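Welcome! Please take a look at it, then read on.

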Amino acid sequence: MKYAYYPGCAAKGSTPEADFTTRLVAQTLGIELLELQNSGCCGAKEIRVVSRRLDLNLNARILSLAQGLGLDILTICNTCLLNLNQANNQLKAEPETLQKVNKSLSKIGLSYDGSTNVKHLLHVLLTDLGLDRLKQSVKTPLTGLKVAPFYGCHIVRPVKDLGFDVAKTESLEALVRTLHAHPVEYPGRTKCCGFYVLMPNEAAASGMIAHRLEEALKADADCIVTPCPLCHVALDMFQEQALGKVGIRRTIPVLHLPQLVGLALGISEKNLQFSRHLVRVNILGK
Amino acid sequence: MVKEITVSIFRYDPESDKHPSYQTYSVPSKERMLVGDVLEYIHENLDGSLAYRWECRMRLCGGCTILINGKPGLICREQAEPSMTLEPLPFLPIVRDLVVDRKSLLDKIYSVPPLTRQKSPVRLPEPIAHEVILGLRVPRQCVQCLACVAVCPATEVLTADLFLPPKLIQIAGFAIDDRDTVDRVQESEESNLFDCACCHACEEVCPHEINISEKVITALRNKTYEHGIGRGGRYIKAFYDTLQAKGKVNASGILLRSQGYLRAIMKAPQGIRLIARGKFVSPFGKPIPDIEDIRTIIGPTEQEK
């Protein structure tokens, strides 16, 4: 198993621990990652506002870089996953658009033929590696740990763009069970963390963050696990102030997906870089 | 043996009940039975006191939306499931059982009059471009069923006074109409366009499958950006400028560009905590080595459709 690794801006900036632990987990599980150097940003939800064409150009460049390596893309960011998939679907469905985008790419010596597939780490663990193989690699079963699976929006919706309904198939719950932990049931699992409102309206985002954390706390979870670094930014970095505003003094640690997997694989707490989180990770020994 | 549908229904009459309760019914299952058919069977055969709305029966009036197993849907569209819990829409006053008073929200949506405001008198014949008509069809599919409102995280925290997807759908419909004379950019800014969390939850429940994120939110934000106004327009420009400068984005760069040094300094305590944990990315950091490639493909000359 070898992939063109595209961590996205957040994992290279605000959540370096997500990038670091993905590499460790991949190495432990025999998944080879070849990072797409200099791949830049996918445009998130913002560049398409400037122009859909610019968004397509950015994503086609990333897809083309992976095509050059002859590898599928593995990303660890939900928004990158959705953007790359949406661009890929459109470029495959509209030959005229692909031609125009290739005209732009030709200026930087690239071209794209529509052959790259884009997967999230969660998909790779579920289908390419398989939960059976993951189970065999578990060294420290997380028995008794109550985990609130928080999918984040862009790995769940729109299903037609993503091609795989991770929430309906309860994939994150299945993965949590594979690690011998217990996935708690709660209403917030596929709701929005508010990340994209943080910059334009922090107060509104703070309300969304507080709702999601409260839902997990009410379900008596020991921690939240998310496959998206953007959700991690919202739920960890802004947790204290969001809960403070609604008068809640308890906190709940938020783990990146590779951190939870890494914990079960026996990777040390130091290497999982919990110390980088703003909310103390106090789940060890539970 | 006739298969049965077990349905648990929210019951509440504010005039006589102290608390809401749930009542369970068994209904003989038929092929291709809609949720509305189940409610009609109960009303006609089991319990005539059950209140629900079922008006046009063809997905056009938008009046029959309820929560079906927690998810909003039209009872004239959704297929009945073997086991169902039916509840009224959230956020709204309950008239009785599954019937809510929609007026307060509809009034807010209709504060955008459903008319193109044209210069008067209108000159006839009135040419309308084909692409405008195609564009207008999308928002005009909205039947104000309020399903999107029930799942919107922005409406949940801001209350429907401040953020209502169907209102933005109305505005988007007029914003692309060349004949319209109202400042729709201003109107959408005042309707908190940039508080949309881009979560796509609305699209998942829209019975007419309106692509709200692209055809409404992104389309209106594009107009706001082009006019360069408001906090939203500044934010998008800051994101674009950061990407052109660095090839990647970081919060500090966007914050500095969109809100200025003073506001950025007010965030310093948070910044210091991030520095301590190795999570702070300087807005003055180096661009990616292939920055010229990024600049080439996202420059102004590349924006043609």
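This is a predicted model: local features need pLDDT of at least 70, side-chain atom pairs count only at pLDDT 80 or more; totals for chains, interfaces and linings use all residues.

- S3(B) runs antiparallel to strand S4 (residues 71-74) of chain B, and four bridges join the two.
- Within this pairing, Leu74(B) of S4(B) stands opposite Thr65(B).
- S3(B) and S4(B) make a hairpin that has two residues between the strands. In its turn, Asn69(B) has a positive phi of about 50 degrees.
- Strand S5 (residues 83-87) of chain B also pairs with S3(B), again in the antiparallel sense, over two bridges.
- Here Ile68(B) has Leu86(B) in S5(B) as its bridge partner.

**Domains of chain B**
- Chain B is split into domain 1 (4-101), domain 2 (106-227) and domain 3 (230-298).
- Between the C-alpha centres of domain 2 and domain 3 of chain B there are 30 Å.
- Where these two domains of chain B meet, six residues of domain 2 are in contact with eight residues of domain 3.
- Domain 2 and domain 3 of chain B bury about 570 Å² between them, with 63% of this area coming from carbon and sulfur atoms.
- Of the area that domain 2 of chain B buries against domain 3, 79% is supplied by Glu189(B), Phe194(B) and Tyr225(B), more than by any other three residues.
- Zero salt bridges are found across this interface of domain 2 and domain 3 of chain B.

**Confidence**
- The average pLDDT of chain B is 90, and 98% of its residues score at least 70.
- For the model, ipTM is 0.94 and pTM is 0.94.

Note on methods: Residues are numbered from 1 along each chain as its sequence is written. Chains are lettered from A and ligands numbered from 1 in the order in which they are written. Side-chain values use heavy atoms; hydrogens and water are left out. Two strands pair if DSSP finds at least two bridges between them. pLDDT is the predictor's confidence in each residue, from 0 to 100. Domain bounds come from an automatic or database domain assignment. Contact means heavy atoms within 4.5 Å. Buried area is the accessible area (1.4 Å probe) that two parts lose on being put together, summed over both. A salt bridge is a side-chain nitrogen of Lys or Arg within 4 Å of a carboxyl oxygen of Asp or Glu.
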